[in-house]
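User: I am new to reading ligand sites. Can you take me through one, step by step?

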Amino acid sequence: MKTPELVWHDLTPRLLEVRRTTRISPRMLRVTLGGEDLDGFSHAAPDDHVKVFFPEPGAELPVMPTLGEEGLEPPPPGSPLPTFRDYTVRHLRPGLRELDIDFVLHEHGPGGSWAARAEPGDKVGILGPRGSTLVPYTFDWYLLGADETALPALAAWLERLPAGVRTMAYVEVADAAEEQQLAAEVRWLHRDRGETLASVLSTVELPPGDGYVWVAGEATGLKPIRRHIRARGHNRDWAEIDGYWKRGVVNLDHHDDDE
Ligand SMILES: Cc1cc2nc3c(=O)[nH]c(=O)nc-3n(C[C@H](O)[C@H](O)[C@H](O)COP(=O)(O)OP(=O)(O)OC[C@H]3O[C@@H](n4cnc5c(N)ncnc54)[C@H](O)[C@@H]3O)c2cc1C
């Protein structure tokens with residue numbers, strides 16, 4: 001059977017500290033978070049993500065989440081609102097109690113601007129991952145696509161897929177300076193040359209056999225891709241096409257745009 005399986009994880013709020021930052025490219029910064037609170041943290045899939053809780057400007061600590069039976073809940077009336085955004089778990093090193101998150105640097109929102117100023121010792125909260133979608137690695141082929149925000153997940157996909165499996169991977173970035181070393185060949189699409197995921201993946205040929213499609217990035221640009229994959233009659237259970245952010249719109253949940 002090739003049915004993706006959803007597994008759930010315990011939801012524990014964790015307070016972590018920035019251990020170091022590493023520049024991956026001009027607009028991508030790896031932030032290594034660490035701390036004892038990482039004990040017991042687990043994740044299982046390449047696109048697993050956590051909610052990162054940021055301190056308000058000038059504050060040392062973030063407002064942490066309020067949890068109820070169903071997970072994240074609105075805080076009690078009168079309590080400060082937490083500020084949080086979704087980010088992918090790029091690497092976990094449990095022995096070192098370290099977690100890497102690769103942030104796209106942009107100055108438009110609290111997530112991007114926090115990362116641009118992150119320094120060792122700064123604190124953030126994390127919550128999640130809530131669940132992992134385990135996609136079997138037994139498909140005949142995989143079609144992967146990402147913009148910068150989904151590049152951390154696509155990079156993890158490439159590290160997990162078995163050697164030799166047919167993989168077509170496309171990554172849209174601003175320009176050639178944003179390319180990074182990955183575990184397998186990808187086709188880089190450069191926006192400064194007019195190349196986009198939408199233009200390439202909305203006409204892509206699907207190979208014969210059973211395939212899995214995973215594409216994530218800016219929500220509006222994904223719509224023609226979703227239409228194209230559906231029009232090809234591709235099994236809906238074998239495609240995940242997920243809006244990770246939406247131009248001009250604060251925060252999520254752009255998953256709502258998926259239909
Ligand atoms: C499952 C999941 C995993 C994700 N993983 C990552 C990850 O690993 N790394 C990562 O960087 N992002 C990731 N994202 C995307 C990230 O959550 C959004 O980009 C988020 O909006 C950033 O929050 P913000 O506070 O910087 O901006 P917001 O306050 O949410 O938005 C403010 C403004 O900034 C714009 N904006 C938001 N993101 C960008 C961007 N990347 N470039 C340019 N303008 C932007 C918005 O359109 C809006 O106009 C992920 C999203 C999801 C759903």
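Predicted model: local features only at pLDDT ≥ 70, side-chain atom pairs only at ≥ 80, totals over all residues.

**Around the ligand**

Analyst: Start with the shell. 25 residues surround the ligand, the closest being D86, G111, G112, K246 and N251. Numbering runs from 1 along each chain as its sequence is written, and side-chain values use heavy atoms, without hydrogens or water.

User: Which kinds of residue make up the shell around the ligand?

Analyst: Sort them by class. Ala, Val, Leu, Ile, Met, Phe, Trp, Tyr, Cys and Pro are nonpolar; Asp, Glu, Lys and Arg are charged; the others, including Gly, are polar. Here the shell holds 9 nonpolar, 11 polar and 5 charged residues.

User: Which atom of D86 lies 2.7 Å from an oxygen atom of the ligand?

Analyst: Look for N or O pairs within 3.5 Å. For D86, a backbone N or O atom lies 2.7 Å from a ligand oxygen atom. T88 uses a polar side-chain atom, 2.9 Å from a ligand nitrogen atom.

User: How much of the ligand does the protein bury?

Analyst: Areas come from the Shrake-Rupley method with a 1.4 Å probe. Alone, the ligand exposes 900 Å², and the protein buries 94% of that.

User: Why does the ligand lie between domain 1 and domain 2?

Analyst: Domain bounds come from an automatic or database assignment. Domain 1 (5–131) and domain 2 (136–258) both give residues to the shell, so the ligand lies between them.

Methods
Near = heavy atom within 4 Å. Polar contact = N/O pair within 3.5 Å; in protein donor to acceptor, adjacent residues only side chain to side chain.
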